[in-house]
Amino acid sequence: MSSFLPMGPKIAVLTPEIIVFGGSVLVSIIGLSRSKTLRKSVPLLAACTLLASLVALALGYSYEAADQAGVLMPHFNKIIKTIILVVGIGLVAISVGHIDRRMEDAVARGATTFDPMRVVRGEFYAFMLLSICGAMLIPGSPDLVWLFLALELTSLPTYIMVAMSRGTRRAQEAAVKYFFLGAMSTAIFLYGFALIYGSTGSLQLSTIREVFASQSDRGGIDTLGITGVILCILGFCYKLAAAPMHFYAPDVYEGAANPVTGFLSFIPKIAGFSALAVLLSTVGWSGHAGFTATGTVISGLPAPILATLWMICALTMTLGNIGALLQKSVKRMLAYSSISHTGYMVLAIIAGPGLGFEALLFYLISYGVTNLAIFGALSGLQKRGEDVERFEELSGIGRRYPGLAAWLAIGSGSLMGMPPLLGFWAKLMLFMAGIQAGHTPLVIIAAINSAVSVWYYLRLIGVPTLSPPGTSSEGVLKGPSSWPRFASAVAAVAVILLPLFASRILGNSAEFAPVTPASNMKPANTTTQIAPTAVNPKQAMHNALQETSREENAQLALHCSPTRL
Amino acid sequence: MIQMLSITDTHSDSPAHAVVTSIVNAIPSPELSWTGWILLLPAISVVLTGLCCALRVKSKLPGWITVLALAGSFALVLKLYFLRGDAGAPVVVHLWDWMNFRWGDQGKWYTLQADVSVYVDSLTLFWLLFVTGLGTLIAIYATEYMESDVGKGYARFFNGVSIFILAMCTLVMADNLLLLYLGWEGVGLASYLLIGYYYKKPAAVAAGKKAFIVNRMGDLGLAVGIWLIWVNYGTIEFNTLFQVWNDMERGVGSFDKSLIPYCLMLGAFGKSAQLPLYVWLPDAMEGPTPVSALIHAATMVTAGVYLIARTYPLFALHPDALATVAWVGGLTAIFSATIGMAQYDFKRVFAYSTISQLGYMFMGLGVGTTFGAAYHTLTHAFFKALLFLTAGAIMHGFAGQLDLRKLSGLRQVPGFKLVSWTMLIGCLWLSAFPYSAGMLSKDIILVQALSGKDHGFVWLGWIGLITAAMTAYYAFRVWFRVCAGPVFYMPGEEAHDDHDAHAAPTSHASHDFHPHAPRWAMNGVLIVIMLGAFATGIPGYMELRGESNWVQVMMAHSSALAGSVQAHVTDVVNFGMNPHQLVELFGTIASLGGIAIAMYFHLLQRKSADKLRAWLLAHNSIRWIPVAMENKWYVDEFYHACIRGPAWIAGHILHFTDKHVVDGLMVNGIGRIPAALGRLFQPLYNGVLQGYATTMAGGAALVVAWVVYRWLTSGVVA
Amino acid sequence: MTHLLAASQYGASHAVTITLAMSALLFTIGLIGFLVRRNMILMFLCTEIMFQAAALAFIAFGRMRMDTGGQIFVIFILTIAAAEAALALGLVILLFRRKETLSSEAWSELHE
Amino acid sequence: MIQYLLLLLPLISALVIVLSSQRAAKWIALIGSTASLIAAAVFAVQFPHWTTGSFWPDLNTTPILGNFGVDLKIGVDSVSMLLVLLTVFLTPLAIAGSFSAITTRMREYYAWFMILEASMLLAFMSRDMIFFYVGYEFTLIPMFFLISIWGGPMRGPAAIKFFIFTFLGSVFTLASVIFVAVRHFDSTGIWTFAIADLVKFSSTQLSDKEQFWVFVGLMSGFAIKTPFFPTHAWLPLAHDQAPTGGSVILAGVLLKLGTYGVFRFALPMAPIGAVECTTFFAILGIIAILYMSLVCWVQTDIKKLIAYSSVSHMGFVVLGLFALNPLGLQGAVMYMVNHGLSTGALFLCIGMMYERYHTKDMEQLGGLVSKMPVWSFFMIIFTLSSVGLPGLNGFVGEFLCLMGAFVAEHDQPSGYPGVLHPWYAVVAVIGLILGAMYLLIMLGKIVWGTLREPHGDGGNGHTEHAASELPTDLNFREIAILAPIALACLAIGLYPKPLLNAVEPCVKEVLVNYPAVIDAYNAKRGLVNPSVPVKHAEVTK
């Protein structure tokens, strides 16, 4: 089946990305300007671009258009994009003043004179916007080509960002490792794509899903398809920094500058999770031989894929946490912590649409915001124009900068899941999703892990506030720009206050179910708009399931559950 | 002869059932709520003396507050007594709710009813009379005795005395076992505080602690007994308990209800210093002497007797339990008498004599004469209080001197005549001198024992007679040494003037030491108590003459009657005599013989006592006798080695375990696992690009392999 | 090689099967090369080989399915490969300037 | 609205403290906590369900994760009310007790203290499981800072161990709660975390196995918090190292969070699981009582001794809880309150002593009654209360707990059969002797005897410093701190009736499913309750 999707809705849906892309071009051009004022305004421009994109998304996003554009999960798509944009603004803010800090420091010491042509601000923000643009494109991908290109668009700029973020050899080494291993992982999921294509004969995700569904009807998705999906998952694991593809993360995070580390630990991750969600929506969470827990049939992913993800989830959580325990470098520790959080989120992916995706999104919000608070605080500090990295450099800085120590502490508290901070609610939903999907063992592993993680997060709380200032922390000063600290403060406040608005952030969980594009299922004009309804749709679905018999149930799951209910 | 409302013997089929009808239901009597003041007055005294303590009152005010309060209580007790007479029906006066709740509507077992209410029957009144009466007298005595502590520990002392009287009254007036338990522990507390009154003396502190802890062991028995009673009868209120105590249709729980008396008797043995829990009482003599007189001789230690008398119906169901009580009492009597014979500290001699006399009381309870036990309690209370108070007067006068080898001929020392002669009365009474009150009360018990048919009670009677001889010996050993003979004295270490302890140690040489003669308060109290001791003989004479006497009637109208057996005194027992004749003859021989031996060794030929001791010590085969007796048969050491020692070692071992096994090995060990795992994986992050690539590819391969394995083994094809 | 068997299920021609085998072989060669070579340019070329293996597979499957999508995808793969090549060479030159060596082992400052 | 005021007052005071000066901090904290006390008193007076066991107020909800039934529902029943009162009663006293002890970073100290109070109140007042958990868990943070900033020389490890240990347990508690909520949703289609709904659902709808695991999960958190025997390792260290105020709250209130959790969640939610585990936990309780008493015996550090004694005392609570009859549960609740008072007060006393002598070593100190008679008086009162002297508060709970365990047998005619055996109580009752032993030994060393003081110039010059600041005996402030507790001890000891009456309906509510479950369980073991017809036992099985 060949499908020519109408261009109109597609462009309408892509307006935010287009704005971001345009912004990146603009930023890279303005960054070359000889006017210092203009150059200095680059981050502001980048932020404004993201803001404009956010406005465009908020005002212009229509589920109808998204349906027609072949977006599989319109609501998911919208929320992912929103999260990326909001956190993206924060990421821009925490990188203000960072890239040229070294040179400015050198100028201030009189070591060199200022040379506008050596300023790299413009490109840096352009790459940042490009990567963000790529990440935004992923959740709405209608086909494999799009997915592949969007993933590459997300990754390629980040390699350069790592390399240029600091002038040190460590940054370049990080870039090399990141790039080469990234290329390998790209090859792996690319091969996976090829196998999926071979199994289904189509690049259209909606078609792939139908073919997979009919294969399942006939007894199971064929080996080719399953192998492809598993290869893709393993490839995506690189983006997520999930085991077994996580080994690069500590080195790269350590080598990159603080704001870039913040960027790396969020944007590729959300991109990877979007890609994973999109990919897995083709095999679906319903209609396969699933888990029967406590008498209720709970369908899940196909068994091999589930097994893969299960293993990845358990390994990632555990390896991340035990790795983090031993670290002396804050950034390395945060890298491992980021790995373990990936593990938790994989649990949400396993749990599937509905509660699982809601938990995933909540977790991503929580992780993004918390990350901002922590990396913002770290980026707000410097030691002779260099990043603050090791724990002992932070020791006792709470005496001088109580605010920064507080933001760090709040961020750590949220990461460890301390109620009532944002991270706790995220973990709560994650556990709910996990248990509801019948994955209590994984939830228990996650619970143990989150208890283990307390140890190193406590260090991040304790070292700045409790330890006495040492020799290594003497030279630690505030950074040149106050924007990172401001962003960190805003994020920390958000970590405290967002839970109050939690129920309003996400809307209804049932909306996260993947949607078969309307153009394939039924005439476009009959597509109904999803609107928050008074009745809890989840409950409605549940009632429907209760009333139907087992066979009907299976049928319903097969044919209807991908659609919105 | 003796008039009993219901006379049963142990041979009848169900003595319990027969007796239960005789326990009259208590009537709730709100109009008697003023009896609450018997408790309230000491309570007020506790508060006021406490305030005096806090305000550091430097006068005798706290002493007189206490005296007034106790006298008030005594007056109220007298009023109550005259209001209801010897044989009035029991009454219950509810004061306020205490531990009291219900969780069902079916009554028994569905409630735990333990209110602060007063149960007054003759038994209660009997105890109240001498507790408050003697309490008042001893408090008056103490106002003078403790005068050197005015402004220092004086208020604290009277605070303790008030607490004691409050708790003791609570104990005997309680209408349920839990309130009784409150009083029970309360007297223990008072005892703890007062024994440790001279808190700078390590011995006093240790003695207080020991008293409390050993009593606690007994209290456990009481606690378990209370639970068992509740389990079996569904109530712990005496009034309802006596109504249901014969409800035998079901035994509940794994523990047999026959254990109840054993549990209760454990409590009684602890409080009344019987074997094996007597060890605290001799040490308790570290307290001020009025305390020894009041708490550790006259009143508190009889609480055990009271408890058994109060719960006598439960004991009556189990003759074996009663026999146990009797035998423990008899053995304690002779055992502590042997120790008492060999002590040099005459306060300790009296302490062991107390234990011994308490043994008689338990023997009386056990062999079935609650009257005898109660009567002996009464006479003992007076003569032993008298002995302790005279001992106190001597201590007071001779700077705490207690060693009978260092005092002599006090009856010729000016100011100590009265003390000596009252002490003589006390000793005569203690030695059961013919037709003294002590003899009369002791004989009732011995007659009952000798007329007993089961459980070897006859032997018990003989043990009692032998003990009587030993008692006479050691009582007069003290008197002849201390009061008779040539005048000689050495002052002691001024035990109760502790607050100046770090001033120059008082080492008065005997020549410039002036004995401090008792004044009117002490002398007056001694006289009154001596008269009281004479008066306590009256019921005995009435008994002897076969008349009904008030002690008898009071016991007969209380729970103590139940199952109490009438002696068949006319049966021939030994030597062709009936028990009465036996006791009269051998009791007299024992008493006079003991006194005579004491006179020989300690008055006429004092050197020969030492010779005898030296002779005994010189022969290896028998030297253990005096050594063991002087060292109290090494019971303390035995307990120390067998109970405290192992527990202490266990404590250290467990502390070590806690630190290094539970915390170190388990907790920290488990805590180290994650980091150790982390270290295990650390080599994988070696920083080499190829290494990472290999690990990633290998990891991916492993994951795929695992999936394939799962796939193959689960049999599920996607 | 399970996917080869699967491919034969669809009645693929021998040519397709051989192409697929070729693709798998290429991918393996690329991967092994990536793991064993220390020269960064060679390593990059190995990733290119893996990319091309995927491209070959796309073409073979497109042929098998009689679908043009596979060939379209290959164009994009080539484009991305070119972009990566540009990036890689830039990076390699940067590194070479620093240390005058192309060995990847020279860059292991960051580790546990 | 008073309940929200009660929650907000400490938070507002914390905020004011943060904005105020170092010198004003303690007074603001005192005023704030006293205001909470007054608010709680008003709340208690308004509270209409003292004897009915119902919750009040019942209607106010503020949805937080509305879609998932996580609502900020605030309401108390009489047991919660008692613990709320305990909290607001102890907090001002602990704050006042910190006045002279805390001389650095005062703003932070008092701010954390107020946050701690709010957190504890939230835990006790929440009628939503998640918000209970929020309060329960968040107490760790202020306590962590209290220990690790103002604690003793080992404060770092102490704080971290305390934090990680308790956190580890409570994640399982959370998982269990979520499990029940998810199962509730699966079978009814409604998300809720309301305690009442989940308890009702869980106790009746879950299978035996599920109940077992739910119970185990819940207990793993509560057991560590309480702490039960083998999981107590964090406690001696934390208590020992915490500043006085922290110890008071830790022993007085935080430990009760654990037992409150057992009482409010674990027991009612999973009766079948609870019955399966009863023997195990009762034995743990007994081990705690005896083992810890022996360990207390050999302590030389007085604060550690009291800390270990807390574990021992919690053993009585555990035994009472697992007696599973009204006597035991009443006793357990009474014990929670009473232990909070007496042990909290003991820690205050020790703190006052420590401020004067800067040592807690009983080998160096002794005979303080000659120097500090008032202090000694209070010390004796609270020790006796700990010993369980009748007439003081400790006795009520202790006696009922043990009695509850004694009568927890299968054939009890009280309508509440149990699964224990009298031997449990008989063995545990030895703890009374041992308790008297170590506490009186402590008194004998530290209060009685000849005066022993640490050598004058103990190196750091603290002694002179202290001597200049504090009088030898307690000053008015310190007496004013201890006197209310002493009065409360006496009052509860002499007239526990109101408390018993208040607790009783809640206890019945907790035990509502138990008789049938226990009969069935015992029937499985071959023990038939004679008061119940055999049929009944079979039906319930």
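This is a predicted model: local features need pLDDT of at least 70, side-chain atom pairs count only at pLDDT 80 or more; totals for chains, interfaces and linings use all residues.
Local features are given where pLDDT is at least 70, side-chain atom pairs count only at pLDDT 80 or more, and totals for chains, interfaces and linings use all residues. Residues are numbered from 1 along each chain as its sequence is written, while chains are lettered from A in the order in which they are written.

Where chains D and B meet, 48 residues of chain D are in contact with 50 residues of chain B, contact being counted when C-beta atoms, placed from the backbone, lie within 7 Å. Among the helices (DSSP runs of H or I, at least four residues, numbered from the N terminus), H18(D) gives the largest share of chain D's side, 7 residues. That side divides into 32 nonpolar, 11 polar and 5 charged residues, with Ala, Val, Leu, Ile, Met, Phe, Trp, Tyr, Cys and Pro counted as nonpolar, Asp, Glu, Lys and Arg as charged, and the others, Gly among them, as polar.

Chain B holds an open sheet of 3 strands in the order E1-E2-E3, with mixed pairing; strands are DSSP runs of E, at least two residues long, and they pair if DSSP finds at least two bridges between them. Strand E2 (residues 91-102) runs antiparallel to E3(B) over 9 bridges, and His94(B) stands opposite Ser117(B) in E3(B).

Finally, Cys349(D) touches Trp375(D), Phe378(D), Met379(D), Phe382(D) and Leu482(D), leaving aside residues up to four places away in sequence.

Conventions:
Two residues are in contact if their C-beta atoms, placed from the backbone, lie within 7 Å.
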